[in-house]
Amino acid sequence: QVQLVESGGGLVQAGGSLRLSCAASGRTFGRYPMGWFRQAPGKEREFVAAITWSGGSTYYADFVKGRFTISRDNVKNTVYLQMNSLKPEDTAVHYCAADPYARIDRWAATMKSSDFWGQGTQVTVSS
């Protein structure tokens with residue numbers, strides 16, 4: 001079992017930055033691929049970024065490439081999402097997820113089968 005708690009959301013102006021954190025509990029955290037997802041009002045949840053258990057590989061949705069960076073610290077049991085050059089369309093509740101079976105390049109298609117999710121943190125970008 002893995003419990004996930006996100007933090008770091010808030011209100012920021014367009015062009016600004018935020019760093020989200022996802023703290024995990026559970027001894028197997030270091031073995032799980034981790035991902036970030038988001039859900040805007042009235043829209044379906046969508047994939048943002050993912051990282052392998054070792055941190056050696058990452059994968060991003062096209063709309064965040066070059067702006068967002070995912071990383072992890074397996075000693076601190078934490079995964080991060082550094083978000084730069086934020087746009088109003090990035091406004092959403094952001095969730096982290098853990099899935100021992102996920103392939104990071106296919107997680108967008110398989111996310112409904114992921115069992116471990118945080119409660120989400122709100123990111124609001126004003127224009």
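Reader: In which strand is W36 found?

Author: A strand is a DSSP run of E with at least two residues, numbered from the N terminus. W36 is found in strand β4, residues 34-39. Please note that this is a predicted model, in which local features need pLDDT of at least 70, side-chain atom pairs count only at pLDDT 80 or more, and totals for chains, interfaces and linings use all residues. Residues are numbered from 1 along each chain as its sequence is written, and side-chain values use heavy atoms, with hydrogens and water left out.

Reader: Is W36 buried or exposed?

Author: Buried means under 20% relative accessible area, exposed over 50%, and partly exposed in between (1.4 Å probe, protein chains only). W36 has a relative accessible area of 0%, so W36 is buried.

Reader: Which residues touch the most other members of the largest nonpolar core?

Author: In soluble globular proteins, nonpolar side chains tend to be buried together. A nonpolar core is a set of buried Ala, Val, Leu, Ile, Met, Phe, Trp, Tyr and Cys residues joined through side-chain atoms within 4.5 Å. Here the largest one has 36 residues, and L4, M34, W36, I70, L81, M83 and W107 touch the most other members. Strand β5 (46-51) gives the most to this core, with five residues.

Definitions and conventions: Helices (H or I, at least four residues) and strands (E, at least two) are DSSP runs, numbered from the N terminus.
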